[in-house]
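User: Hi! Could you walk me through a few packing details of this model?

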Amino acid sequence: MKSFLIDRYAKGGALRLGESPMPELRENDVLVEIHAAGVNPLDNKIRDGEFKLILPYRFPLVLGNDLAGIVVRVGANVRKFKPGDEVYARPAQDRIGTFAEYIAIDEADLAMKPSNLTMEEAASIPLVTLTAWQVLVERANLQKGQKVLIHAGSGGVGAITIQLAKHLGAYVATTASTANIDLVKSLGADVVVDYKKNDFETVLQDYDVVLNSLGKDTLEKSLRVLKPGGKLISISGPPDPQFARQNGFGWPLQQVMRLLSFGIRRKSKRRGISYSFLFMTANGGQLGKIASLIEAGHIRPVMDRVFPFEKTNEALDYVETGRAKGKVVITVKQVP
Ligand SMILES: NC(=O)c1ccc[n+]([C@@H]2O[C@H](COP(=O)([O-])OP(=O)(O)OC[C@H]3O[C@@H](n4cnc5c(N)ncnc54)[C@H](OP(=O)(O)O)[C@@H]3O)[C@@H](O)[C@H]2O)c1
């Protein structure tokens with residue numbers, strides 16, 4: 001099958017269009033013909049080798065973390081899916097590879113695709129929406145009426161997280177540049193801070209939760225926005241010791257993560273705020289609930305650009321600019 005892969009880590013390197021063997025199907029696996037694949041900054045970071053300490057991949061490695069497609073075959077133990085089903089997923093982190101014609105994926109990581117979305121729209125959903133769900137519902141336990149600041153509201157994660165937070169009944173603030181203010185307002189943001197003109201930390205106060213997806217500066221300034229008892233949740237680092245323990249990392253890596261997050265954990269503690277790092281995980285059950293929210297019109301995909309399969313490298317370059325408004329998707333199989 002055709003795939004876009006890497007033979008070694010290389011910062012900024014191009015993916016190679018090559019031939020890969022058809023995936024082997026385990027008993028709990030579903031073989032999916034991929035029609036569309038979402039692109040994430042994570043794809044570029046894996047290519048660059050940024051995750052090599054915590055995600056030990058083997059080469060050649062097919063990249064790609066989001067998919068929508070059609071089931072072609074199922075393993076002996078699969079109960080929930082059958083050939084012909086339209087599905088979507090973020091595969092488990094050790095079984096990525098959606099920039100390809102087929103993938104084998106555990107049925108626990110898969111869900112039926114929202115019926116009102118195209119394949120491209122559906123492929124834009126899994127990774128970012130699972131992130132939003134795991135931050136707001138699981139980690140923050142966000143309640144009606146609580147105040148949440150979602151940084152970078154016009155990005156892939158931000159555009160979906162604003163909508164989920166509104167659906168949960170929260171009061172939502174976000175940061176965006178002048179050109180994207182109308183977009184984030186249309187997604188439901190109650191307050192928009194134009195980061196080109198104002199400093200969010202001087203405008204916002206008494207927040208219950210902040211989702212940080214930006215750098216160290218934004219992370220530290222976010223402490224000033226939170227009230228005592230508030231939660232600072234970062235998806236862009238630094239990783240903390242709890243994350244290291246949950247992932248079963250050895251003592252040396254646990255110490256590295258303790259050191260990396262020492263400063264922000266100490267500053268948070270002084271203000272009575274809890275700091276935590278979150279790295280999303282595959283979850284078909286959550287994707288099923290998300291599909292219901294999409295079908296009911298509570299969440300909609302926010303699409304920036306769709307690229308044809310042969311332009312996968314251009315799609316990754318576009319995401320790497322950091323200027324995408326919503327999601328970038330690759331059409332893998334063009335259906336007439
Ligand atoms: N830990 C996890 O599980 C997890 C999951 C998903 C993503 N992430 C990480 O989270 C980060 C964001 O991911 P993403 O998919 O949302 O990225 P993205 O779609 O590439 O984000 C691009 C958006 O960020 C906005 N932006 C850039 N700088 C900003 C600033 N200073 N203030 C406000 N907005 C700003 C841009 O708006 P302008 O063009 O207007 O600046 C653009 O719309 C990445 O580092 C990604 O790797 C982590």
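User: Which residues does T312 touch, not counting residues up to four places away in sequence?

Analyst: The model is predicted, so local features need pLDDT of at least 70 and side-chain atom pairs count only at pLDDT 80 or more, while totals for chains, interfaces and linings use all residues. Residues are numbered from 1 along each chain as its sequence is written, and side-chain values use heavy atoms, leaving out hydrogens and water. With contact meaning heavy atoms within 4.5 Å, T312 touches F4, L15, F99 and I330.

User: Is T312 buried or exposed?

Analyst: T312 belongs to helix α12, residues 312-320; helices here are DSSP runs of H or I with at least four residues, strands runs of E with at least two, numbered from the N terminus. Buried means under 20% relative accessible area, exposed over 50%, and partly exposed in between (1.4 Å probe, protein chains only). Since its relative accessibility is 0%, T312 is buried.

User: Which strands stand at the edges of the open sheet of six strands?

Analyst: The order is β11-β10-β9-β12-β13-β14, with parallel pairing; two strands pair if DSSP finds at least two bridges between them. β10 (residues 171-176), for example, pairs with β11 over four bridges, and A176 stands opposite D194 in β11.
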